[in-house]
Amino acid sequence: MESPGEQTASDVWTRVKRRLRAELGEDIFASWFGRLELDSVIEGCAYLTVPTRFLKSWIESHYADRVLAVYRSEAGDVVRVSIGVRNTLGRDPAAQRRVSEAPRPAPTASMAMPSLTGEIKAPSLTAPQEERGENGDLGGAPLDSRLTFESFIVGRSNALAHAAADRVAHAQNGQAIYNPLYLHAGVGLGKTHLLHAIGHEVRAQGRRVIYLTADRFMYGFVASLKAQTSLAFKERLRGIDLLIIDDVQFIQGKQIQQEFGHTLNALIDAGRQIVIAADRPPADLENLDERVRSRLAGGLVVEVSALDEALRTSILTTRVDALKTIHPTFEVGPNVIAYVARAITANGRDLEGAVNRLLAHATLTGSAITLETAETAIRDLVRNREPKRVKIEDIQKLVASRYNVSRSDILSERRTAAVVRPRQIAMYLSKVLTLRSLPEIGRRFGGRDHTTVLHAVRKIEKALGEDHALSDEVELLKRMLQE
């Protein structure tokens with residue numbers, strides 16, 4: 001073997017990874033070490049990085065000694081290993097070294113694991129004394145008591161998903177329907193809320209429920225392989241009535257995916273209900289085995305689309321009313337709520353953040369919430385979520401070009417079908433992509449009245465729900481304007 005001075009740090013790290021792969025097996029290595037990278041070696045310490053806190057916690061708790069032993073056998077001058085999180089520490093070895101100097105508790109089998117709701121401790125499925133719910137449920141991630149059907153606000157964008165979830169939760173005699181039920185949506189649109197709501201209802205019926213994130217499923221399976229208790233893991237997981245898996249897009253590793261597929265098949269064949277959530281439809285889960293994707297697509301697949309303005313308004317109103325029971329002086333007028341609902345379009349979590357900012361302003365300054373103060377309070381949310389400001393003139397030009405009419409035609413009084421539909425689409429896009437009021441939009445469209453704009457918006461909204469081709473066309477126009 002070359003002496004440490006004659007070899008590069010990357011060469012040593014390559015050999016370390018090769019040995020870890022050989023000793024631990026391909027599946028465990030791919031699941032926990034595939035994204036472990038070497039940043040630098042400084043003063044006898046190898047600084048390694050991973051992309052998530054979960055991986056950092058897991059590797060430190062279960063494999064830190066193994067990694068150090070393998071490293072020292074390849075490079076005797078390395079006497080310590082430090083693991084940092086790339087997205088918080090970046091590539092700064094000094095920052096990682098400062099973090100690594102904090103004392104780390106000795107690894108234990110009961111090391112607390114992160115959950116969907118944050119800091120709740122929950123042992124793995126294979127722990128000798130596993131946490132159980134009131135009805136003897138397997139210890140997965142806890143259900144949030146706030147996320148129920150009663151607290152879920154239904155609108156046009158999530159009505160189908162809500163109806164399907166409600167039907168599954170209240171199925172007669174626990175009979176599995178829409179199996180699996182697969183919900184997909186972007187961040188903060190309510191899919192996880194529905195998963196928890198289903199879990200609460202089914203558990204209240206005395207049936208066995210387990211809610212797992214993809215990370216926790218991998219955690220339990222790999223831990224069972226390490227402890228040679230995989231058979232017990234499988235039997236325990238398949239003896240439940242309802243399995244809920246969140247963020248399934250993160251499941252990786254060939255052997256883990258195979259076990260996930262076997263679990264799906266076993267539960268479905270036994271008539272047990274499965275509910276899955278992801279950030280994309282099954283066909284787009286390119287990292288998942290094709291047979292697993294096919295199984296997921298074989299049930300009911302429902303998309304939770306972006307929150308429309310009416311739903312955003314309802315969410316804001318409900319949240320403000322809830323806070324008024326705690327802070328009686330907290331008053332937010334309908335004009336402010338309407339402004340926030342139009343300004344923040346990304347997701348429900350941003351709406352929650354906006355209300356919290358308004359509350360902080362009202363309680364800390366003691367002043368009333370006006371449109372001006374609201375604009376100041378939520379400025380960072382609007383700036384972060386709307387990197388490009390869409391102009392009405394740009395909308396008019398693009399729509400005119402796409403439909404082979406002139407911008408002057410759209411602004412004119414012409415009422416032919418070839419002009420009316422593009423004009424209505426342009427008005428609709430001006431309403432959903434800008435913060436302009438209806439009267440202002442009307443003025444920008446040849447001095448029209450705001451009721452004309454409102455009629456156009458409602459007509460296009462109705463048409464979008466009936467005409468898939470038009471819906472696709474409008475979505476394309478949105479993307480072109482926002483890019």
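This is a predicted model: local features need pLDDT of at least 70, side-chain atom pairs count only at pLDDT 80 or more; totals for chains, interfaces and linings use all residues.
The secondary structure of the protein chain amounts to 23 helices and eight strands. Of its 483 residues, 47% count as buried. The chain exposes about 23,900 Å², and carbon and sulfur atoms supply 50% of that area. Sequence separation gives another view of the fold: among contacts between residues at least 6 apart in sequence, 74% join residues at least 24 apart.

Five of the strands can be taken together, as they form an open sheet with the order β5-β6-β7-β4-β8 and parallel pairing. Its edge strands are β5 (209–213) and β8 (300–303), each of which pairs on one side only. On average, and with direction ignored, neighbouring strands of this sheet are turned by 15 degrees against each other. For a look at one pairing, strand β4 (residues 181–184) runs in the parallel sense to strand β7 (residues 273–278), and four bridges connect the two. Within this pairing, Y182 stands opposite I276 in β7.

Helices accompany the sheet as well. Helix α8 (residues 191–204) packs on the sheet and touches β4, β5, β6 (242–246) and β7. The direction of α8 makes about 165 degrees with that of β6. Helix α9 (residues 214–227), by contrast, lies across β5 and β6 and runs at about 100 degrees to β5.

Turning to the aromatic side chains, a search of the whole structure finds three aromatic pairs. One of them is formed by W13 and Y71, which are stacked, with 5.9 Å from centre to centre and 20 degrees between the planes. This pair links distant parts of the chain, since W13 belongs to helix α1 (residues 9–24) and Y71 to helix α4 (residues 64–74), 58 residues apart. Both W13 and Y71 are buried. Another pair brings together F33 and Y63, whose ring centres are 5.2 Å apart; their planes stand at 75 degrees, so the pair is edge-to-face. Here too distant parts of the chain are linked, this time through loops: F33 is in the loop between α2 (26–32) and β1 (37–42), while Y63 is in the loop between α3 (53–62) and α4, 30 residues away. F33 is buried, as is Y63.

The peptide bond from N179 to P180 is cis, with omega near -5 degrees, and P180 is found in the loop between α7 (159–169) and β4. The loop between α7 and β4 also holds Y178, a residue other than glycine whose phi is positive, near 50 degrees. Y178 has a relative accessible area of 33% and is therefore partly exposed. D247 likewise has a positive phi, of about 55 degrees, although it is not a glycine. This residue is located in the loop between β6 and α11 (254–269). With a relative accessible area of 24%, D247 is also partly exposed.

Terms used:
Residues are numbered from 1 along each chain as its sequence is written. Side-chain values use heavy atoms; hydrogens and water are left out. Two strands pair if DSSP finds at least two bridges between them. Axes are lines fitted to C-alpha atoms, for helices over the stretch in contact, and angles run from 0 to 180 degrees between N-to-C directions. Contact means heavy atoms within 4.5 Å. Rings of Phe, Tyr and Trp (its six-membered ring) pair if their centres lie within 6.5 Å; planes under 30 degrees apart count as stacked, over 60 as edge-to-face and the rest as tilted. Buried means under 20% relative accessible area, exposed over 50%, partly exposed in between (1.4 Å probe, protein chains only). Accessible areas come from the Shrake-Rupley method with a 1.4 Å probe; for residues, only the protein chains shown count as cover.
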